[in-house]
Each structure stands twice: as C-alpha cells, then as structure tokens.
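Time to look things up and jot them down as I go.

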Amino acid sequence: MAETIIPKATAKRLPVYYRYLNFLANSGTTKISSTELSDAVKVDSATIRRDFSYFGALGKRGYGYDVKDLLNFFKKILNQDRLTNVGLVGVGNLGHALLNYNFRQANNIRISAGFDINPKLAGTIQSGVPIYPMDEMIKQIKDQQIEIVILTVPIDAAQHITDDLVKAGIKGIMNFTPIRISVPSYVRVQNVDLATELQTLIYFLEHYGPTLNEP
Ligand code: ATP
C-alpha cells in the first residue's frame, strides 16, 4: 500500500476510531452511521469525514460505514497485524504498574522485556515479563528486535541509558522521566510527564472550571 501522509492530529485519532470499531465488531455490529460514530468517539462528524478522506472515500451516503471494512482498513494503517515488542527500563513503582497493565486493550503491543540495575530484580519475572540486568540491555534489545522502550528510571540515569538505547538501535522512546532527553533526529521521543499533566489539569480547573458538557 502506498504511504499516505496524514496530519498528526488525524494520526492521533486513528487508535480512537480503531478501538471503537473493534468494540463494535466484537459485539456483532455490522454498520454504523457517521452520527453514531461521532457520538461514540466524541469527534464531530465533519472531522471524522475529513480524517477518513485521507484514505479515500470509505463511507456511503445514507448507509454509513461498514464496520468490518473500516476495521480491516485501520488494522493495516495502524500495523495491528504486526506485534510490536516494547522494552521497559526501570522496574520501580511506575515501571511495575506499566508491566502489570501491559497494554491488554491493544493486542498488538506487548512489553516483552524489562531492564533494571537492581540485582534483586534482574533475573526475575515480573507480571509475566523477564527482567534483565543493564549489561544485557543492548544485546537483548537487538536479539528481541525491540523498537520501542518505555523509560521509567530516575532522572540522573535517563540520559546515559538513552545513549545506550540509541546504540542498541531503538526507534522510539516513551519518556516518563521529567527531563528532556537528547536523541539523534532519527529517534522519536514521546514525553509523558504525569506530574505536569496533573498540574495542568489543576491549573485549568482553577482558572476556567470544568468543561461545560453539551446536553
Ligand atoms: P522504587 O520504590 O521501586 O524505588 P521508584 O519508581 O520510586 O520505585 P526510582 O528511584 O524512580 O524508584 O527508580 C525506578 C527504577 O529504576 C528502580 O527499580 C531502580 O532500580 C531503577 N534504576 C535506577 N537507576 C537505574 C539505572 N542506572 N539503570 C537502570 N535502572 C535503574
């Protein structure tokens, strides 16, 4: 399939559409109107139509969308056919929680290896995931073809571990540490700073109050 360049905002909504369509397919629903889809995923129907238009005309006027067709389509786009192995470095409180969560909703993502400096953790299995010592990290990442790593280590360890991850050939890092890590341009970093997110929410609530939900 030819590569379709889509706007970032559209790309971010694709998993939302995908999850809902998956839910519909599992419950035996075969078609959905654009209004129903819009209500369910909380995206206005003009935006949905525009998002879908990047992939060609998928809906039929007066019929809506065929759930199975749409689902197969998104599966391909989102690479749901392919299992993505994810590594996790730093099996502390947050790391443990993520291992335990292990992205069960998304059946194409799996944390397949954990890494930690603590000798009490290395060599054990936590929430079904083997934990390796740090000196095995580069080799394991290469052997297991891990492309993405979740980083949940203390701040002072973040950059030198990142440098090793780059050496190991990682393509993306989900950075849960509050510092901005430096990576070469071919590596993507997604920053998830839970404390800042919470502060932002508190700030918005204090200054603007809750969002007024439409009736
Ligand atoms: P805990 O209560 O288990 O310490 P935490 O999340 O509060 O959890 P942190 O100090 O943030 O603890 O460390 C997170 C994890 O990162 C710990 O399991 C720790 O052993 C691990 N860790 C610390 N330094 C390194 C390092 N240089 N390389 C790899 N892992 C590390």
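**Before starting.** I'm reminding myself that this is a predicted model.

**Entry 1: around the ligand.** Which residues come nearest to the ligand? I looked through the 14 residues around the ligand, and the nearest are Val 91, Gly 92, Asn 93, Asp 116 and Pro 154. Sorting the shell by class, I got eight nonpolar residues, five polar ones and one charged one.

Entry 2: I went for the oxygen atoms of the ligand next. At Asp 116, a polar side-chain atom lies 2.6 Å from a ligand oxygen. How much of the ligand's accessible area does the protein cover? On its own the ligand has 610 Å² of it, and the protein covers 62%.

**Entry 3: H2 against H3.** I moved on to the helices. H2 takes in residues 34–41 and H3 residues 45–53. Their axes come within 9 Å and cross at roughly 105°. Angles of 65 to 115 degrees count as roughly perpendicular, so I wrote down H2 as roughly perpendicular to H3. On the H2 side, the contact is made by Ser 34, Leu 37, Ser 38 and Val 41. H3 brings Ser 45, Ile 48, Arg 49 and Phe 52. By class, I have four nonpolar residues, three polar and one charged in this contact.

**Entry 4: H1 against H3.** How do the axes of H1 and H3 cross? H1 covers residues 8–26, and its axis comes within 11 Å of the H3 axis, crossing at roughly 100°. That makes H1 roughly perpendicular to H3. From H1, I listed Thr 10, Arg 13 and Tyr 17, which meet Thr 47, Ile 48, Asp 51 and Phe 52 of H3. This contact divides into three nonpolar, two polar and two charged residues.

**Entry 5: a cross-check.** I compared my two lists for H3. Ile 48 and Phe 52 take part in the contact with H2, and both also meet H1.

Definitions and conventions:
Residues are numbered from 1 along each chain as its sequence is written. This is a predicted model: local features need pLDDT of at least 70, side-chain atom pairs count only at pLDDT 80 or more; totals for chains, interfaces and linings use all residues. Side-chain values use heavy atoms; hydrogens and water are left out. A residue is near a molecule or strand if one of its heavy atoms lies within 4 Å of it. A polar contact is a pair of N or O atoms within 3.5 Å; within protein, one must be able to donate a hydrogen and the other to accept it, and residues adjacent in sequence count only if both atoms are side-chain atoms. Accessible areas come from the Shrake-Rupley method with a 1.4 Å probe; for residues, only the protein chains shown count as cover. Ala, Val, Leu, Ile, Met, Phe, Trp, Tyr, Cys and Pro count as nonpolar, Asp, Glu, Lys and Arg as charged, and the others, Gly among them, as polar. Axes are lines fitted to C-alpha atoms, for helices over the stretch in contact, and angles run from 0 to 180 degrees between N-to-C directions. Helices (H or I, at least four residues) and strands (E, at least two) are DSSP runs, numbered from the N terminus. Angles under 35 degrees count as roughly parallel, over 145 as roughly antiparallel, 65 to 115 as roughly perpendicular and the rest as oblique. Contact means heavy atoms within 4.5 Å.
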